[in-house]
Amino acid sequence: MPSSVIPPARRVAQAHTRPAGRVACRHWLLALALALWALAGWARPPTEVQHIERAVAQIGEGAARVVALPDTWAQRDVEDLRSVGRYRLEFALQALPDESMALMFTRLSTLHSLRVNGELVSGLEQTPSGSNPGLPNPALLSVPPALLGVGTNVVGLGVLHSGSRAGLSDMWV
């Protein structure tokens, strides 16, 4: 029936009926897309941030021992603050990540080498004449997922300091 023959009240009703059907279909598709997106997000458990507050530390030729982090050598009466320090930290993963993870330190010597499960991740080797040599700085280090394993992961860290601020902060994974 041409629109000129349809009474005006019926034309208004038809005009509102058609878009409502399209809108309902769009809402249904949007709800389905959101449900699928949510299910895909729940398929892999979220990675929780871990705060590592203990490490095994060995300074120079001294004996290795468990220390609380942050570790400040001057507070532990380390005699040679320019020694090489070695730390072993551990964290656990329930599942392998799809993307790189990060290790964050609020205080890490600019002269360091960091290994995850035996593989070198970061090695900033500045000469003593370099800028800020051996002084602690904040650091955010990326760890590729290929270096990680389910269960315990080991971070081996060697640090060289140039004075009284020697030590290591706690670590966030």
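Predicted model: local features only at pLDDT ≥ 70, side-chain atom pairs only at ≥ 80, totals over all residues.
## The nonpolar core

Let's start inside. The largest nonpolar core has 29 residues, and those touching the most other members are Y87, L89, F91, L103, F105 and M171. Six strands each supply at least two residues of this core: strand 2 (54–59), strand 5 (84–93), strand 6 (101–109), strand 7 (111–116), strand 9 (136–143) and strand 10 (151–160). In soluble globular proteins, nonpolar side chains tend to be buried together.

Leaving aside residues up to four places away in sequence, F105 touches L114, N137, P138, A139, L141, L157, L168, S169, D170 and M171.

Next comes an open sheet of four strands, ordered 1-12-6-9 with antiparallel pairing. Strand 1 (51–52) and strand 9 are the edge strands; each has a single partner strand, so one side of each lacks a neighbour in the sheet.

Two bridges link strand 1 to strand 12 (residues 171–172) in the antiparallel sense. Here I52 sits opposite M171 of strand 12, and M171 is also one of the core residues that touch the most other members.

## Two backbone details

If you are checking torsions, look at the peptide bond between L69 and P70: this bond is cis, with omega at about 5 degrees. P70 belongs to the loop between strand 3 (65–68) and strand 4 (71–72).

The other spot is N117, a non-glycine residue with a positive phi, near 50 degrees. N117 is found in the loop between strand 7 and strand 8 (119–124). Its relative accessible area is 33%, so N117 counts as partly exposed.

Methods
Residues numbered from 1 in each chain as written. Heavy atoms only, no water. Core = buried A, V, L, I, M, F, W, Y, C linked by side-chain atoms within 4.5 Å. Buried < 20%, exposed > 50% of the residue type's maximum accessible area, 1.4 Å probe, protein only. Contact = heavy atoms within 4.5 Å. Pairing = 2+ DSSP bridges.
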